[in-house]
Amino acid sequence: MPDDLPALPRQKIVLDLDWLPEPIAGPHAVTFLPRGRQVVVQHGQSVFEAGKAAGVYIPTTCGGKGTCGRCRVRVEGQARPPTYIERQFIPRSDLASNVRLACRLRVEDDITVTVLREDGIARGARD
Ligand code: FES
């Protein structure tokens, strides 16, 4: 470095990495209770798609578009906070007990899912 250049003031550099896409992780295992059927899906696929792949029936009239609110599941494991659409369909008390819409819930870790009937009872529990 030449001696005649003025010294620049030191600056703190802050890296904001939030804008970077998340690293692709996975695949992840999704286990459907009560039968324990398990399927491995790619990171970011919906629980609804995982259910189809596992041959697990998830109630729907919209086919996974997020407009019917019938695809309720209870999830155990890491999951993002509920989406706006989930908050429109699911009462706050149910959201607090990890009830989610299968078509809006993205798989981002190994999870266990119980498909719920419309009355909130687990499918297969009394069927
Ligand atoms: S399948 Fe209709 S809201 Fe999820």
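Strand 3 (residues 72-76) and strand 4 are antiparallel and are joined by three bridges; helices (H or I, at least four residues) and strands (E, at least two) are DSSP runs numbered from the N terminus, and two strands pair if DSSP finds at least two bridges between them. The model is predicted: local features require pLDDT of at least 70 and side-chain atom pairs count only at pLDDT 80 or more, while totals for chains, interfaces and linings use all residues. Residues are numbered from 1 along each chain as its sequence is written. Arg-74 has Val-99 in strand 4 as its bridge partner. Strand 3 also pairs with strand 5, in the antiparallel sense and over four bridges; here Val-73 stands opposite Val-115 of strand 5.

The open sheet consists of five strands in the order 2-1-5-3-4, with mixed pairing. Strand 2 (37-41) and strand 4 (99-101) each have a single partner strand, so one side of each edge strand has no neighbour in the sheet. On average, neighbouring strands are turned by 35° against each other, direction ignored. Helix 1 (residues 47-54) packs on this sheet and touches strand 1 (28-33), strand 2, strand 3 and strand 5 (111-115), where contact requires C-beta atoms, placed from the backbone, to lie within 7 Å. The direction of helix 1 makes about 120° with that of strand 2; axes are lines fitted to C-alpha atoms, for helices over the stretch in contact, and angles run from 0 to 180 degrees between N-to-C directions.

Notes
Two residues are in contact if their C-beta atoms, placed from the backbone, lie within 7 Å.
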